[in-house]
Amino acid sequence: MRSFGVEKFKSLVLAGSFTVLANYFVRLSDSIVAGNLLGPDALAGINLVSPILAAVSFLSGLVSTGMATNYSLAMGRYETDRARQYFMQALWMVLGVGGCVSLAVLFGRGAFLGFMSASPEISGFARDYLAWAWASVVPECLLGLLIMLCYADGDAKLCTSAYAANFVVNVGVSVVAVKAGMGTGGCAFATLCADAVGI
């Protein structure tokens, strides 16, 4: 006899595996599109800013995972008001931290690229990417928070649908935007659009 917990665990493991894989391919898709359509310098330009992207993912995951744990514990104790407080606290943290990181990328991108000392061509592609990437910091963090909330509520289908839509929109808009002449900025613009659809 199978229990509810075992069945729910199986569905969440499958959904979780899919979303982690989709999230990985969303990040990878910018490099693939830029490398194939714009050349190796564009690929190097996007890879140049990967430490910034990794920091955003880390901060998003840190806040979201902590919220999901506390939210689940509160819901398990039937403390719905407390669960809402955890969610609101995480929401304000995501908006605050994401906003600060976004502004840091916007105003500090020149110093960052100068510190990296890449060739002018590669720095140009990185600058084009960051021209849109700074705006996607808050939506990416918000999407991560909402996905973790859906997991905590046990809604595997919604999580899977959100990341599937995120992936399809990211790849589709990236290809169209790059071919329309936006350069690597088109890939970052696609990420912004994809996060909005995922949200």
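## Stop 1: the salt bridge

A search of the whole structure, which is a predicted model, finds one salt bridge. Select Arg84 and Asp81 and show their side chains. They meet in that salt bridge, with an N to O distance of 3.1 Å. Both residues belong to helix H4 and sit three residues apart, so about one helical turn separates them. In an α-helix there are 3.6 residues a turn, so residues three or four places apart point the same way.

Is Arg84 buried or exposed? Arg84 has 52% relative accessibility, and the cut-off for exposed is over 50%, so Arg84 counts as exposed. Asp81 is exposed too, with a relative accessible area of 54%.

## Stop 2

Most residues other than glycine have a negative phi. Two selections here go the other way.

Select Tyr78 first. Tyr78 lies in the loop between H3 and helix H4 (80–116). Its phi is positive, near 60°, and the residue is not a glycine. At 74% relative accessibility, Tyr78 counts as exposed.

Now go to Ser117, in the loop between H4 and H5. Ser117 is not a glycine either, yet has a positive phi of about 50°. Its relative accessibility is 62%, so Ser117 counts as exposed.

## Stop 3: the aromatic pair

Select Trp132 and Phe189 and show the rings. The structure holds one aromatic pair. How far apart are the centres of the two rings, and at what angle are their planes? The ring centres of Trp132 and Phe189 are 4.9 Å apart and the planes stand at 65°, so the pair is edge-to-face. The cut-off for that label is over 60 degrees.

Colour the two helices involved. Trp132 is in helix H5 (residues 120–133) and Phe189 is in helix H8 (residues 184–198). Trp132 is partly exposed, with a relative accessible area of 32%. Phe189 is partly exposed as well, at 25% relative accessibility.

## Stop 4: the nonpolar patch

Switch to a surface view. Select Leu21, Tyr24, Phe25, Phe167 and Val168, which make a nonpolar surface patch of about 480 Å². Helix H1 (4–38) and helix H7 (156–182) each give two or more residues to the patch. Which element supplies the largest share? H1 does, with three residues.

Pick out Val168 on the H7 side. Val168 is found in helix H7 and counts as exposed, at 57% relative accessibility.

## Stop 5: along H7

Stay on H7 and turn to its buried residues. These are Ala156, Cys159, Ala162, Tyr163, Asn166, Asn170, Ser174, Ala177 and Val178.

Zoom in on Tyr163, which lies in helix H7. Tyr163 counts as buried, at 10% relative accessibility. Draw a distance from Tyr163 to Ile46. The two are 22 Å apart in space, C-alpha to C-alpha, and 117 residues apart in sequence.

Then step off the end of the helix. Just after H7, Gly183 takes a positive phi of about 65°.

## Stop 6: the largest pocket

The pocket holds about 430 Å³ of space. Which elements each supply at least two residues of the lining? They are H1, helix H3 (50–76), helix H6 (137–153), H7 and H8.

## Stop 7: the cavity

How many cavities of 30 Å³ or more does a search of the whole structure find? The search finds one. The largest cavity has a volume of about 70 Å³.

Select its lining: Arg27, Ile52, Leu53, Val56, Val105, Leu130, Ala133, Trp134, Ser136, Val137 and Glu140. H3, H5 and H6 are the elements that give two or more residues to this lining. H3 gives the most, with three residues.

Terms used
Residues are numbered from 1 along each chain as its sequence is written. This is a predicted model: local features need pLDDT of at least 70, side-chain atom pairs count only at pLDDT 80 or more; totals for chains, interfaces and linings use all residues. Side-chain values use heavy atoms; hydrogens and water are left out. Patches are made of residues with over 30% relative accessible area and no salt bridge: like charges are joined within 9 Å, nonpolar side chains (Val, Leu, Ile, Met, Phe, Trp, Tyr) within 5 Å. Accessible areas come from the Shrake-Rupley method with a 1.4 Å probe; for residues, only the protein chains shown count as cover. A salt bridge is a side-chain nitrogen of Lys or Arg within 4 Å of a carboxyl oxygen of Asp or Glu. Helices (H or I, at least four residues) and strands (E, at least two) are DSSP runs, numbered from the N terminus. Buried means under 20% relative accessible area, exposed over 50%, partly exposed in between (1.4 Å probe, protein chains only). Rings of Phe, Tyr and Trp (its six-membered ring) pair if their centres lie within 6.5 Å; planes under 30 degrees apart count as stacked, over 60 as edge-to-face and the rest as tilted. On a 1 Å grid over the protein atoms alone, a cavity is a set of points where a 1.4 Å probe fits but cannot get out, and a pocket is an open set with protein on both sides within 12 Å along at least five of seven lines; lining residues have an atom within 4 Å of a point. Grid points are joined across faces, edges and corners, and a volume is the space filled by probe spheres set on the points.
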